[in-house]
Amino acid sequence: MTDKHTHDPLREEGHPVKDYRSGLPAVPPSSDITSADLSSTASRTLWGDAWRRLRRNKLAMAGLVWAILIVIVAVTADFWVPQRYGDPEGLDTSKVVERMLLEPSSEHPFGTDRLGRDIFARVIYGARISLAVGIVAESISVFIGLIMGALAAYYGKWWDTLIMRLADVFLAFPYILFAIALIAVLGRGYINVFIAIGILGWPTIARVFRSSILSVKENEYVDAARALGASDLRIMARHIMPNAVAPIIVYATMSVGGAILTEAALSFLGMGVQPPTPSWGLMLSEARAFLFTAPWLMIYPGAAILTTVLAFVLLGDGLRDALDVKLKD
Amino acid sequence: METLLEVKDLKTYFTTRDGIVKAVDGVSFDLHRGETLGVVGESGSGKSVTAMSIMRLIQGPKGKIEGGSIRFRDQDVLAMSEEEVRHLRGDRIAMIFQDPMTSLNPVFRVGDQIAESLIIHKSMKKKAAFQRAVELLDLVGIPKPESRAKDYPHQFSGGMRQRAMIAMALACDPDILIADEPTTALDVTIQAQILELMMELQQRTGSAIIMITHDLGVVADMADRVLVMYAGRHVESGTADEVFYKPLHPYTWGLLDSLPRHDIDEKGELCPIQGQPPSLISVPPGCAFSPRCPYAQPICRTDAPVLRVIEGGHAAACHFAGDPTFQRGVVDCAGVTS
């Protein structure tokens with residue numbers, strides 16, 4: 001056994017030849033490759049794969065389509081809504097009486113409110129506020145949460161303790177109460193609603209990201225990268241982050257719905273968007289008095305909140321499955 | 001022959017709440033260019049920790065290399081800065097991990113992962129490195145390497161992943177390849193292919209291999225020299241022929257007796273070593289193997305045997321090794337010897 005190599009001329013010459021660089025024919029193909037392996041298509045990317053999986057999820061696609069539709073309608077609203085349905089904020093005092101509280105009709109598809117404003121127009125303009133809250137507030141949460149979570153997971157020790165206890169303190173407060181308190185300090189207005197919801201959202205993101213990093217860190221491919229001589233920075237950026245970020249994408253998408261709900265709740269309570277700016281929550285609040293006489297005042301903004309929140313939750317749920325690389329297809 | 005690696009009296013300890021775990025406690029060996037060293041022992045005998053120590057992958061604060069020396073081509077590995085060690089890892093000393101299913105990053109294409117060490121160590125451009133990765137995949141016997149390099153790890157079977165891991169390890173043409181149970185997670189036919197591939201590549205590149213395994217069959221196939229470990233200690237070492245045909249240590253005898261053999265026409269019953277390996281926190285006084293050793297004498301339970309060279313390069317840590325009257329008995333499976 002000890003002389004098993006002696007017939008090899010390379011060894012006897014003190015192996016000067018690194019001959020595999022010259023493109024030697026390779027070792028014969030292994031038989032452990034099944035035909036299924038060979039049928040794999042050419043180039044695919046991680047995101048391409050995720051997209052293919054997402055596309056097959058009908059509910060998630062419905063959510064995505066609905067979210068995109070609302071974005072398009074909200075963005076383009078200025079070009080067609082006021083012309084056709086009237087100013088969502090303005091008051092035409094001369095005709096209030098004949099135009100107030102009209103039932104849905106072809107002229108006013110969702111009816112009108114007590115000041116004669118078109119509900120359809122107000123729902124669409126309300127989408128602007130809701131989407132802005134969802135996206136801006138969630139971005140603030142994600143930004144703070146990712147930094148905090150990464151600091152806690154990488155540096156550990158007292159950083160970890162400090163940040164996680166701070167997160168616990170945030171989570172221990174009743175959410176809406178905390179939001180109201182923040183707005184009381186910051187002042188009313190929708191910019192402050194963004195900030196308040198954004199600040200309140202970070203602890204969960206930080207926790208999810210921290211635990212995700214900690215579990216990814218234990219993976220053998222992180223050891224393998226270290227054994228390859230990769231620097232700490234490279235290991236974090238290339239091996240840990242991409243694997244740890246998927247839960248954040250999922251969680252953030254679902255939380256967009258949560259942020260929209262919180263804005264609606266704050267506006268309903270009069271702490272958020274101020275009249276006459278249309279906001280779904282505010283519209284619900286104004287509709288309370290007409291719950292039985294003019295139910296369309298409540299039904300349409302309520303349906304808008306329901307469907308939009310549901311759309312983001314379904315999309316997030318679909319993303320969770322789509323981003324799981326281990327789910328083979 | 002050029003000595004690549006010299007490990008002397010290596011001690012790696014872990015501090016835990018229950019006490020100090022002496023995972024590696026006095027291991028010594030040399031590794032020459034083009035040679036294969038087999039490291040064998042039961043699970044938990046310190047084989048992997050030895051490998052991790054060589055690459056300085058033991059991470060504080062719990063684990064620490066407490067003593068001994070590791071020299072790679074006359075450089076003191078233990079005295080290197082973290083930066084210097086990084087240039088050693090992956091470039092001069094590469095490692096193949098046990099489980100190919102978890103050692104590849106699921107979010108990167110296989111080709112990118114192989115290219116990574118070339119980008120790190122050889123400052124290659126991304127495109128050139130990827131091209132090289134394709135060549136390496138071809139070298140390790142992956143068909144259609146151009147398209148397979150663009151696949152993700154989950155699109156590879158276990159055997160193919162291990163081939164990809166080998167390609168990764170070979171990327172920078174390392175002097176030493178540490179293979180930590182490279183075939184344990186694979187089924188038997190694939191095991192044979194992977195081992196064959198490793199031997200073939202070794203002949204072409206002339207790199208030295210440290211083959212860590214608990215499979216004596218693998219060692220018999222591949223190794224030039226063998227190091228037997230028990231409870232973190234170096235119990236026997238020598239050429240593969242010496243260790244297999246003239247084993248000196250009762251633990252090695254026990255290991256060999258636990259193997260199924262087709263050349264001995266006897267009852268055909270396997271005789272495992274009785275008992276369990278000791279906890280590394282409280283290794284028995286004296287010889288760590290004494291509680292399980294059918295030949296143990298009073299001295300074995302009080303004095304720890306020193307590793308002695310018996311003849312040539314054949315060394316064993318047993319009080320009685322080399323004593324002509326101390327012979328391997330015929331083992332009865334009740335654990336009694338005659």
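Mentor: Axes here are lines fitted to C-alpha atoms, for helices over the stretch in contact, and angles run from 0 to 180 degrees between N-to-C directions. The model is predicted, so that local features need pLDDT of at least 70 and side-chain atom pairs count only at pLDDT 80 or more, while totals for chains, interfaces and linings use all residues. Residues are numbered from 1 along each chain as its sequence is written, chains are lettered from A and ligands numbered from 1 in the order in which they are written, and side-chain values use heavy atoms, leaving out hydrogens and water.

The pair to look at is helix H9 (residues 190-217) and helix H11 (residues 232-244) of chain A, whose axes lie 9 Å apart and meet at an angle of about 130 degrees. H9(A) and H11(A) are therefore oblique to each other, given that angles under 35 degrees count as roughly parallel, over 145 as roughly antiparallel, 65 to 115 as roughly perpendicular and the rest as oblique. The crossing of H9(A) and H11(A) is right-handed, the near helix being turned clockwise from the far one by less than a right angle.

On the H9(A) side, Phe209(A), Ser212(A), Ile213(A), Val216(A) and Lys217(A) meet His239(A), Ile240(A), Met241(A), Asn243(A) and Ala244(A) of H11(A), where contact means heavy atoms within 4.5 Å. The residues of this contact divide into six nonpolar, three polar and one charged; Ala, Val, Leu, Ile, Met, Phe, Trp, Tyr, Cys and Pro count as nonpolar, Asp, Glu, Lys and Arg as charged, and the others, Gly among them, as polar.

Around this pair, chain A has 14 helices and zero strands, both being DSSP runs numbered from the N terminus (helices H or I, at least four residues; strands E, at least two). Of the 329 residues in chain A, 44% are buried, meaning under 20% relative accessible area with a 1.4 Å probe and protein chains only. Among the contacts in chain A with a separation of 6 or more, 71% are accounted for by residues 24 or more positions apart.

As for confidence, pLDDT runs from 0 to 100 for each residue, and chain A has a mean of 78, with 80% of its residues at 70 or more. Over residues 1-43 of chain A, however, the pLDDT is below 50, although this stretch has 91 contacts in the model beyond near neighbours in sequence. Where pLDDT is low, the predicted coordinates should not be read in detail.

How values were computed:
pLDDT = per-residue confidence, 0-100. Buried < 20%, exposed > 50% of the residue type's maximum accessible area, 1.4 Å probe, protein only.
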